[in-house]
Amino acid sequence: MNCSVKCAYDGHRACHISPLHMTPSTEIEISSLPLVSILIRSIDRTHLLQEALASVARQSYARIEILVVAAVPDHSAMETSCGPYPLRLIPTDDPLHRCRAANVALAAARGAYLLILDDDDWLLPEHVEKLVEALAEAPELLAAYTGVQPSDPAGNAQGPALGLPFDDLRLLAGNWMPPLAVLFRREVIDLGCRFDESLDLFEDWDFWLQISCHSAFAHAPGVSAHYRIHASSGVHENAPFVGPAYSHLYGKWRHLWSEGQVAQMMARVWAFPDQQQRIAEQEGGIAQLKQRISALEQQIRTQDQVLDERQEHIEAIWRSRSWRITRPLRGLHRATFVIPLLNKAIRNPRRAWRFAQRAAQQTPRGDWQGLLRRLLKPETRANANYSNWLARFEPAAESYPRFRQAAEAWQPPPIITVVMPTYNSDVELLEAAIGSVLGQVYPHWQLCIADDASDSPEVKALLERHASTDPRIQVVFRPVNGHISAASNSALALAEGDFVALLDHDDLLHPLALWFIAQAIVEHPEASLIYTDEDKLSLDGERCDPYFKCDFNYELVLAQNMLSHLGCYRRALLNEIGGFREGFEGSQDYDLALRAVERLRPDQIVHIPRVLYHWRIVAGSTASSITQKPYALTAAHRALKEHLQRRGIAAEVMPAPEIPHYTRVQFPLPTPSPLVSILIPTRDRAQLLSVCIESIRQRTTYTPYEIIVVDNGSEEANTLQLLDRLRDSGVRVLSDDGPFNYSRLNNGAAEQAQGSVLCLMNNDIEIITPHWLEEMVSFAEQDGVGAVGARLWYPTDKLQHGGVILGLGGVAGHSFLNYERGETGHFGRAALHQSLSAVTAACMVVKKSIYQEVGGLDERLSVSFNDIDFCLRLREAGYRNVWTPYAEMFHHESASRGQETTPAKQARFASEVAFMNDKWANELLDDPAYSPNLTLTANDFSLAWPPRIAQISFDRS
């Protein structure tokens, strides 16, 4: 360890010794360090207290005592969480007020330095050492503070860090130092500083003001602690600046406001115009940037137009006679390099010649293989934009009569009721919405419209006109406005169809929407909920932003309402659940879907992978921006919370950190938390293994867990020494000297694991998020869940594992590979928890009983695809595999095993590919967690050319 802590007693630099590496020879050096008393105020929140204590146990500073003022006597069991530091429990019969608890702790502390820590906050390992050093460097000061990061109840960072440079005037105006931010000397107690027990809020602010009467505060830059904004703790309640709590503090400390300080405040007020001028200058710069962006967008539109023209040209070539004639020759392109060049020459001889010349110029003389690679480089398909994709692959209008004729064979034909609430609708958009129903190819429908007491005579006239001209349209005019849920129920009361489809008054149905719904009803007689893909209509009427959905995905439904647009329900089911519930306006369809899902089996929920609903982007709609209806988010969270409560799950619902208009559900852990066995196969590469295990120990807040390292014939001296140290520190090290077989190594370790939950982990993993194991275990403990995967990043902060998609690149591939942090993928799929067909075993959590139930990893797959095969067998057994982005790690992929560069490795890989294709051929081409409209040749959820959707076959008879 480096010498890094100055001793405040004698002014000389003392050698810092980590308590985890303490030997008898270092005890004298440690005893010369100032004792730090960490005073923890605790209520009945054992799981949070355990995290706080664990963060103290990981401190790099070597001389600490811990005092816990606790209202619950059994907190003494927490002593095992304190590592090498002694803990003293000060039990109380009843919970003490925060100020009283702090004063009791101050009186009992023995340290030269003191720090107040609440049980819902936690420290990073260098926190205490940094503050001790700051005080040692400023012996004339009584206190030092550093930055802390506010965090939400789940421990995720929320808002900017708190840690401004010290300013006595700023401290008079408000507090920016939470209790755990400050380390103060015992002398402040001798000077009479105490926590004011008459205060209900801001007792820490008042205490800092008391200290500031005697001393300034040393500021240690940086952030080294987390301050949890927790609903159960009154100290975190937001209070207005003009409230009684502020008035009390200002009244108490008004005498400190000197004339000079008032003058400083006035100077800052007079400086306000200068600040405004600088803001205006910045806004001018922003305006210039916007102009630049506008110019770039125009360039993009121009390029798009050029690409569209090139796409049309290419399609003309595909339809040409010469292209058809050369088709047999093109099929031979894998056998010879002549054919690709011939294709180029046929299409454009001059271009082919220029291409060959450039390839020759770019290739060093004599490098014939390089020249061939350049000559054979596959041409990229022209711009695969959505408009061209629609024109090429959607059924043409000329085929609609054949669809209508095919529907005549469905006896009896399903009747579909379209329900539409309206209120002061834009007449033009309402006319278009009704017209999209009138224009349906499938004729057996009913349109039920409820007008919610509109005061627009044009709306009433339009509705009456349509009701009088088509008997399938029925309208009810509500006498009073009751909002969208009440209006939807009024329309639903008119329904007579077997199924009910939901349509907003300003959106459009695709002409084939009800035809495909009816087909699904006929082909799936058990279906009770049918949903489709959707896109948006821009302001100029262009179709854009398609959402190609996956099949029913419960964990994704918990994150977003993927079942709406177009959602269609069996009418008997809607009657059974009571229709729409008032009070959920803005997310009434999400609440309806959640209540419906509770009563259905997954096979009763059918997805039609076609874009059949067009969501119009208009001012004030959530299609343009979710912020247009903030109440919709509140209603969605409430609907989700009640859904989970009805399922008997006491989970927390919160905004998804990276996409706040979606949600994150944090499931509770069982009590007590299950023992997790972390299985890590390894061979040499000591540095990788050391980083992996140290990151687990330093950054994991979950307990209990055990680490089992499976050594597969390591030979390097530094690795063998590391394994010996790991054994001494409590890690179980198993030996398997056979040929490398990832499946066998894990299966053997699983047999000897003592935990009821297994965590398969590569030796090249490095933990990022402290709550990774809580997140993964909480999912693994849910009914019906098999394997749980994590979000893995390359050390370059590019995404390595965002879940596995079957068939991607052949057998399977990682979605959103190499995405940057902040990129959330196709409708949030790179940043939301969801079910997937497979997740990587580089970090995978699964119950041991389930692992054994399906026979563990298949040892016939020694290196590749054993995790994919395992997940598919879990799915075959009826389990869902889940991927969560909230457990994050770095993955130095295949660093120890290397790439497939030798003939033997390539042959082994080919055999494993053949194994997967033979065993799972059908599954690899039809991943229910992916869309057949999306490509299998790229990882970015881009369009498939052509889509893998089944073509409609019409009976010619």
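The following dialogue explains how to read several features of a predicted model.

Me: What kind of model is this, and how are its residues numbered?

Reply: The model is predicted; local features need pLDDT of at least 70, side-chain atom pairs count only at pLDDT 80 or more, and totals for chains, interfaces and linings use all residues. Residues are numbered from 1 along each chain as its sequence is written, and side-chain values use heavy atoms, with hydrogens and water left out.

Me: How many helices and strands are there in the protein chain?

Reply: Helices (H or I, at least four residues) and strands (E, at least two) are DSSP runs, numbered from the N terminus. The protein chain has 32 helices and 33 strands.

Me: What share of the residues counts as buried?

Reply: Buried means under 20% relative accessible area, exposed over 50%, and partly exposed in between, with a 1.4 Å probe and protein chains only. Of the 957 residues of the protein chain, 52% are buried.

Me: Which residues touch the most other members of the largest nonpolar core?

Reply: In soluble globular proteins, nonpolar side chains tend to be buried together. A nonpolar core is a set of buried Ala, Val, Leu, Ile, Met, Phe, Trp, Tyr and Cys residues joined through side-chain atoms within 4.5 Å. The largest one here has 87 residues, and L644, M761, W772 and M889 touch the most other members. Another core, of 77 residues, lies apart from it and includes C99, V182, W208 and L249.

Me: Which residues is L123 in contact with, leaving aside its neighbours within four places in sequence?

Reply: Contact means heavy atoms within 4.5 Å. With those neighbours set aside, the partners of L123 include I38, V56, L117, L180 and A225. L123 lies in strand β7 (residues 122–123), and its relative accessibility of 2% is why it counts as buried. L123 and Y227 are 104 residues apart in sequence, yet 8.8 Å apart in space, C-alpha to C-alpha. For the protein chain, 76% of the contacts with a separation of 6 or more are between residues 24 or more positions apart.

Me: At what angle do helix α26 and helix α27 pack?

Reply: Two packed helices are described by the angle between their axes and the distance between the axes. Axes are lines fitted to C-alpha atoms, for helices over the stretch in contact, and angles run from 0 to 180 degrees between N-to-C directions. Helix α26 (residues 686–699) and helix α27 (residues 717–728) pack at about 25°, and their axes are 9 Å apart. That angle makes α26 roughly parallel to α27; angles under 35 degrees count as roughly parallel, over 145 as roughly antiparallel, 65 to 115 as roughly perpendicular and the rest as oblique. The residues of α26 that meet α27 include L689 and I693, and those of α27 include L722 and L726.

Me: Which residues are joined by cis peptide bonds, and which has a positive phi of about 60°?

Reply: Most residues other than glycine have a negative phi, and most peptide bonds are trans. A cis bond joins H565 and L566, with omega about 5°, and the bond from T703 to P704 is also cis, with omega near 0°. P704 lies in the loop between α26 and β23 (705–711). F941 has a positive phi of about 60° although it is not a glycine. F941 is in the segment after α32 (903–924) and counts as buried at 7% relative accessibility. H826 touches F941, among others.
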